[in-house]
Structures are given as C-alpha cells and as structure tokens.
Amino acid sequence: MMDDLTPSAIVKELDKYIIGQKEAKKCVAIALRNRYRRKLLSDEMKDEITPKNIIMIGPTGVGKTEIARRLAKLVSAPFIKVEATKFTEVGYVGRDVESMIRDLANTSIRLVKQREEEKVEQKVAELVNDRLLEIIAPSASKQGEMSAYEMYFGGKGTYQKAPENDEKIRDLDERRESLRVSLKEGRLEDMVIELTVSGSSNINIGTIGQSGMDEMTMNMGDVLGNLWPKRDKKRKATVAQARVILASEEAQKLLDMDSITEEGLRLAEQEGIIFLDEIDKIASGSSKGVGPDVSREGVQRDILPVVEGCTVNTKYGPIKTDYILFIGAGAFHSSKVTDLIPELQGRFPIKVKLDNLTEEDFKNILTQPQNAIIKQYKELLRVEGVDLSFSDDSLEYIAKIAFMENETSENIGARRLHTVMEKLLAEISFYAPDYDQETFVVTKEYVEASFKEEEEGLINDTAKYII
C-alpha cells in the first residue's frame, strides 16, 4: 500500500477530512514517506536514520490532532494522543513520561490482535455455531435435561445418552442439522440459553514499581499462572449475546499471543506515532520560576530522553523509542517554541504553523469532508424520516456567524461550528419525530431568525452584529 502512498497521495487522502493546512499536511506526508524509504535501505543505514519529529503551532480547532490521527489511520500505525500537562517530573505526584510508551505498546498489541482476529473470523464463526448447537440441542452422546430448543419452543422430554433406537438417532441428527441452518441464518438470535463462561482467576493487588503510579496493579494470575484455579460460571444470555462471549473465547484459543505481543512491540517501535498535545503548556514562558513553572522544565527534561531515544520497560517487554515519530502541538499564545529547553527544541527539527480558519474554510468544513457536519446532521434526522437540506446562502451565513464569533471572542476553530449548528437545529431536532412533513429546507431567513431572536447566549452578539 505504501508504494502508492506518495507524499502527494497522502495529502490528497488527508484532504478528504481536513480543510486547508497544506504546509502541515506536506510535513507529515514527508515524514510518513520517509518511513517507507527507510524500510528499503540496508540494515546498517536503516539504524542510522531516525524520524524528524514535528511541532505544529496553531490555535485549537484548526486540525492539528485530526491530521496526526488520520495520518496514522491511513497506514494502520499505532497511534496515541497524550497531553503534556498531565505529566510531572520525577518526585511529583502524577504520571511519568514513560507511561506514554506503555500506552503505545498497549495500543499496538491491541491493533495486531484485532488484525489476527479478522484472519480467523470465519473459523471462529464456525466454532461458535458448533458450541451454540451443542448448547441448544446436545448430541446423542451427551446426556442432559430438556434442551434450550425444547424450552424455547415448548417441547417436552429429555435427550438420553446413546439412544439404542437408530431411528431416534436419525431424528436427532436431522433436528440438529435443521438447527445448524437456523443458527447460520440468524433465526434463533433471540432465544435465551444458558452457557458456561470461563471465570477469571485474576486478583488485582496494589504494587509500587519502577513503572510509575499509572500502573499500580499487578495481575495475580500473571504471577501464579495456571497455579491459581479458574472458576467457570453459568449465565443466561440470548444467542446473539452468547455469540460475542463465545467468539472471544474461541479466538483466544486460535491466537498465538506470544507472536502477537512480539509483533505489537515491533510495530510500536518502528511505526508508532505519539501526538504530544499542549506542549506549549510545559514551556516556561515569561513567568519562569513562578508557581507551577518550577516543574515544567523538569517535565521537559524527562520527555527529552524518550524523544531522543531510550529503552522503556513495559509489562510486555522493553521498547526502544528511537524510531517512534513524535508530533508535538500547541497554540503557543503566551509562550514561544524557543521557550522550550534547547535540547528538546533540537529533537523537534520541523516546525510548521497552521493557519487560522477563514470564512471560506468554515463553509468548506460544513460540506466537503467525508465526515462533514452537514452530512452528519442529515443522517441523524433521516432516522426520524426527515430529509434535511441547506440552501447555499444559508451555509454561507452559518460560516460567517462561526467566523465572526471566533473573531470577537475565544477562537476555538472548527469546533465553533458545532456550537452554531446545535443552536440552529435545536428546534428541528426536538420536533423531528413529530413532523408531518418529510423534508425541511434550512434557508438563510431561517438562520437569521434563529439567531436574531436570541436575547442572550453564545452567538447573540455576533448575530446582531451581522444582521
């Protein structure tokens, strides 16, 4: 897939979800393509090349997080987002910086496990149907009380072990085959059955170790292994619910967790992406040495070795951070990138500034992305049988309101559109189930009336100003 993902192709994919911000998209596209190029090099040269980390500078809501998240999703790379402000330096109560690497390991292993489960999905479905069939109508070799099938359909009698009458055996086999077909076709999903669920032998105990305060629990089952007996328990569930429970059990039997863990750690090391948000909040700025700033430089110094390249111990094994791509982000309103310690600045050689959203950007955000806000609201109201549509001039007016509100108050970027749209469509959403009409067209006049009549609220001043 990476053969086709040239930098221009990556930008084109990002354009489907994020409006504008061409420079930021180009930076992350190059970083992603460089990973592909590195894979094709000799092992000796490969070890010498490390990712060029990026700092995105721009106000909230302009697409910083979304660019990084979509980039990772594009190539199915392990991705986590963390806030720099939740970390504290060693000696303070809070999370240590190495916890983000442990979180990345968890995410990566979960991603690999999900891929492997998809590979055995068909086999698991067959095994689940076999187990469900044995619960609903036990085979002739099984002895039991009245089957779930008989209880569900009001039958009588019990299945006896090894019936001597061949005709009874044939009848039982025919019934089981009929039930097997019904299970495959999903006709018995509402039937209530009783199944045995594997119990857990795990006991959580508190421990304090070098992994920090965020991993305070150790699983007793992991320590004692099979020495601690597991207790199975019975529970009632519908066939549909039982499928989920049994599928998890059967998948666990088919998966090689050692291989999954090994691949997950490799994937985290070589392809992991960590989005370090609010990095500007740990910059000392002009108030250095005052109040909480005494720990900010300490957090930066703790982050430095992780970004620079070190080995972090996780419960799955050690992870080298040398080849993980770090993307820092922050508004940098009251501080500058140069307020970060020089060593950390050096580990983020690429700095890109994201643009504030214009009126035209707001209009495009409403309509163009594959997950556009307008499309979301249309689909939500279509559930109620209402076909919602917007005139072109109404979209321009909505974009203008959102833009002016950001200009006259706090700039929260594209998130302002959610505020505007919720206010605009509040009445429509409330009465949608009671509407007799099947279509509703939002016009410019409707938008004007919605905000003109508002006497106080988030949009009031801007609406008055525009009108």
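**Reading a predicted model, feature by feature**

Tutor: At a relative accessibility of 16%, N364 counts as buried.

Student: Where is N364 placed, and which residues does N364 touch?

Tutor: N364 belongs to helix α14, residues 359-367. Helices (H or I, at least four residues) and strands (E, at least two) are DSSP runs numbered from the N terminus. Beyond residues up to four places away in sequence, N364 touches I19 and P369; contact means heavy atoms within 4.5 Å.

Student: How many helices and strands does the protein chain have, and what share of its residues count as buried?

Tutor: The protein chain has 20 helices and 13 strands. It has 467 residues, of which 44% count as buried. Among contacts in the protein chain with a separation of 6 or more, 74% come from residues 24 or more positions apart.

Student: How far apart are A251 and V124 in sequence and in space?

Tutor: Read the two distances side by side. Along the chain, A251 and V124 are 127 residues apart, while their C-alpha atoms are 6.2 Å apart in space. A251 sits in helix α10, residues 239-254, and is buried at 5% relative accessibility. With neighbours within four places in sequence left aside, A251 is in contact with E117 and V124.

Student: What is the spacing between K378 and F390?

Tutor: Those residues are 12 apart along the chain, and their C-alpha atoms are separated by 9.7 Å. K378 is in helix α15, residues 373-382, and is partly exposed at 27%.

Student: Is T321 buried or exposed?

Tutor: T321 is buried, with a relative accessible area of 0%. This residue is in the loop between β9 (317-320) and β10 (325-330). Leaving out residues up to four places away in sequence, T321 touches I101, P305, V306, G309, C310, V312 and F326.

Student: How should I read a pair of helices?

Tutor: Two packed helices are described by the angle between their axes and the distance between the axes. Here, take helix α17 (residues 415-424) and helix α19 (residues 444-452): their axes come within 10 Å and cross at roughly 95°. The helices are therefore roughly perpendicular to each other. On the α17 side the contact is made by V420, K423 and L424, and on the α19 side by Y446, V447, S450 and F451. Axes are lines fitted to C-alpha atoms, for helices over the stretch in contact, with angles from 0 to 180 degrees between N-to-C directions. Roughly parallel is under 35 degrees, roughly antiparallel over 145, roughly perpendicular 65 to 115, and the rest is oblique.

Student: And how should I read aromatic rings?

Tutor: A pair of aromatic rings is described by the distance of the centres and the angle of the planes. The structure holds two aromatic pairs. In one of them, the ring centres of F430 and Y431 are 4.9 Å apart with planes at 80°, so the pair is edge-to-face. F430 is exposed at 60%, whereas Y431 is partly exposed at 38%. F440 and Y446 also form an edge-to-face pair, 5.5 Å centre to centre and 80° between the planes. F440 is buried at 15%, and Y446 is partly exposed at 22%. Rings of Phe, Tyr and Trp (its six-membered ring) pair if their centres lie within 6.5 Å; planes under 30 degrees apart are stacked, over 60 edge-to-face, and the rest tilted.

Student: What is the phi of S76, and what is the phi of E278?

Tutor: Phi of S76 is near 55°, a positive value in a residue other than glycine. S76 lies in the loop between α4 (64-74) and β2 (79-83) and is partly exposed at 35%. E278, not a glycine, has a positive phi of about 55°. Its place is the loop between β7 (273-277) and α12 (296-308), and E278 is partly exposed at 26%.

Technical notes
Residues numbered from 1 in each chain as written. Predicted model: local features only at pLDDT ≥ 70, side-chain atom pairs only at ≥ 80, totals over all residues. Heavy atoms only, no water. Buried < 20%, exposed > 50% of the residue type's maximum accessible area, 1.4 Å probe, protein only.
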